[in-house]
Amino acid sequence: MSYDLVLRSRRVVLPDGERPAAVCVSDDRIAAIEAYDFPGTDLGDAALLPGLVDTHVHVNEPGRTEWEGFATATRAAAAGGVTTIVDMPLNSLPPTVDADALAVKRAAATGQCHVDTGFWGGAIPGNAAALPALYEAGVFGFKAFLVDSGVPEFPPLTPAQLREALAAVDALFVIHAEDPAAIEPAATSPHYADFVASRPPSAETGAVGTVVAAARESGRRLHVLHLSAASALPSTVDVPGVTVETCPHYLTFAAEEVPDGATEFKCCPPIRDAANREALWQGLASGAIDFVVSDHSPCTPDLKRGDTGDFAAAWGGIASLQLGLPVVWTQAAARGFTLADVVRWMATRPAEVVGLARKGRIAVGYDADLVAFEPDAAFVVDAGRLRHRHPVTPYHGRALLGKVRTTWLRGSVVDGVTPRGRLLSRGAA
């Protein structure tokens with residue numbers, strides 16, 4: 001039988017582990033997994049991974065396209081081995097809080113995406129009645145904040161409003177879980193320790209408790225976004241319907257190592273200390289944390305306040321969409337984890353939780369989203385060579401392990417020139 005594409009590697013990461021194999025593609029899908037000696041293109045020393053699935057990306061278009069945009073964000077994603085993203089509903093204008101706003105978002109994305117792109121809806125005060133129609137229009141679920149989001153058009157929910165939203169629609173809700181009662185206004189300061197002190201671990205543990213209680217009461221699925229405080233994990237273990245993510249920056253950096261004035265490190269919740277970082281790795285190892293996604297949240301350089309180094313005034317968000325795979329692999333390999341672990345955290349589990357039924361695995365019938373990855377290749381990050389819109393990232397100058405050589409979307413090489421990404425809808429992805 002002839003195939004459209006055959007890729008051979010001695011390190012193919014399959015659902016049952018890593019082994020030599022040939023992956024055969026026809027009509028955009030994986031058609032067969034053959035023995036390594038099956039004729040095809042040999043990837044040499046490169047491993048073959050499924051395309052990563054990043055379900056936490058702020059594209060910001062339309063309305064704040066000067067911060068980022070579908071063309072630049074999806075080019076960066078593909079360069080980092082990410083073949084599917086799900087875009088967050090806020091920071092764009094209008095925010096994706098009803099079906100009309102989703103139509104505006106999809107129109108802005110049409111013809112621009114270099115990877116497949118889905119969308120979250122937003123749950124804000126007063127829009128519970130709009131959620132069923134928005135869900136039917138194809139969003140993968142609903143993002144909500146329990147604390148100020150940083151933009152006025154996307155206000156937070158109280159616990160009572162969260163319960164109202166959960167009652168309105170049977171969908172996955174993804175929650176920014178920080179308790180506003182435990183947060184103090186950050187003082188003007190160039191010292192990262194002052195910012196971290198304003199958002200203590202108790203802000204997360206309290207809000208995660210609210211999420212867990214809502215899941216138990218409603219029977220709905222709730223997902224804790226970008227967990228930073230490992231102390232919140234015990235309350236989520238074995239709770240039906242509750243899943244948890246963390247991010248590469250929480251697994252890499254330590255608060256005590258952030259230089260004065262280095263506002264590119266600011267995010268909410270904040271990066272915490274080295275002991276907390278190691279506890280997050282333990283959470284991944286145990287399965288208490290389900291997966292790792294970027295929370296790519298860029299802005300224009302002036303909003304990062306590099307001129308003053310003031311953490312209180314700087315926008316809270318880290319740009320890392322292109323770097324997630326080597327960042328996580330660098331840290332994972334140093335702790336004895338395998339490529340199969342990284343694939344589970346960054347492709348398989350996010351696809352499963354969100355409901356992307358044909359993504360995240362190298363298996364027959366799945367989309368032929370594939371990545372040739374050189375796990376032993378070292379490089380130093382040059383922010384100026386990254387493909388997101390603005391060259392601001394805390395990873396600049398950092399030595400990493402692992403390079404993405406080639407990314408295929410449904411069997412075709414992503415060249416960064418011709419946008420081949422599809423807009424995804426829940427139930428049809």
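Predicted model: local features only at pLDDT ≥ 70, side-chain atom pairs only at ≥ 80, totals over all residues.

Q: Let's start inside. How many cavities of 30 Å³ or more does the structure hold?
A: There are 4 of them. The largest cavity has about 90 Å³ of space.

Q: Which residues are closest to the centre of that largest cavity?
A: Leu-52, Asp-54, Val-82, Ser-294 and Met-346 are the closest, out of 13 residues that line the cavity.

Q: And which elements give two or more residues to that lining?
A: Those are β6, residues 52-57, and α9, residues 324-334. β6 gives the most, with 3 residues.

Q: What does the lining of the largest cavity look like by class?
A: The count is 9 nonpolar, 3 polar and 1 charged residues.

Q: Nice. What about the second largest cavity, how much space lies in there?
A: About 70 Å³. This second largest cavity is also described by 13 lining residues, and Pro-298, Cys-299, Lys-304, Ala-319 and Val-392 are the closest to its centre. By class, its lining has 6 nonpolar, 5 polar and 2 charged residues.

Q: What happens to the backbone just after α9?
A: Gly-336 takes a positive phi there, about 90°.

Q: Switching to sheets. Which strands make up the open sheet of 3?
A: The order is β6-β7-β8, and the pairing is parallel. β6 and β8 (116-119) are at the edges with a single partner strand each, so one side of each has no neighbour in the sheet. On average, neighbouring strands of this sheet are turned by 20° against each other, direction ignored.

Q: How many bridges join β6 to β7?
A: 4 bridges join them, and the two strands run parallel. Val-53 is opposite Thr-84 of β7.

Q: Which helix lies across β6 and β7?
A: That's α10, residues 339-354, which runs at about 60° to β6.

Q: And the open sheet of 6 strands, what's its order?
A: β9-β10-β11-β12-β13-β14, with parallel pairing. The edges are β9 (121-122) and β14 (291-292), each with a single partner strand, so one side of each is left without a neighbour in the sheet. From β9, 2 bridges go to β10, residues 142-145, and Gly-121 is opposite Phe-142.

Q: Which strands does α6 lie across?
A: α6, residues 201-218, lies across β11 (173-176), β12 (222-224) and β13 (242-246), at about 165° to β12.

Q: In what sense do β5 and β15 pair, parallel or antiparallel?
A: Antiparallel, over 4 bridges. Leu-48 has Ala-372 as its bridge partner in β15. In β5, Ala-47 and Leu-49 point one way while Leu-48 and Pro-50 point the other way, and all are buried.

Q: What is phi for Asn-60?
A: Near 75°, a positive value in a residue other than glycine. Most residues other than glycine have a negative phi. Asn-60 sits in the loop between β6 and α1.

Q: And is Asn-60 buried or exposed?
A: Buried, with a relative accessible area of 1%. Asn-91 has a positive phi too, near 80°. Asn-91 is in the loop between β7 and α2 and counts as buried at 2% relative accessibility.

Q: Last one: what is Thr-65 in contact with, leaving aside its neighbours within four places in sequence?
A: Asn-60 and Arg-389. The C-alpha atoms of Thr-65 and Arg-389 are separated by 9.3 Å, and the two residues are 324 residues apart along the chain. Thr-65 lies in the loop between β6 and α1 (70-79) and counts as partly exposed at 24% relative accessibility.

Conventions
Residues numbered from 1 in each chain as written. Heavy atoms only, no water. 1 Å grid on protein atoms, 1.4 Å probe; cavity = no way out; pocket = protein on both sides within 12 Å on 5 of 7 lines; lining within 4 Å. Points joined across faces, edges and corners; volume = space filled by probe spheres on them. Nonpolar A, V, L, I, M, F, W, Y, C, P; charged D, E, K, R; others polar. Buried < 20%, exposed > 50% of the residue type's maximum accessible area, 1.4 Å probe, protein only. Pairing = 2+ DSSP bridges. Axes fitted to C-alpha atoms, helices over the stretch in contact; angles between N-to-C directions. Contact = heavy atoms within 4.5 Å.
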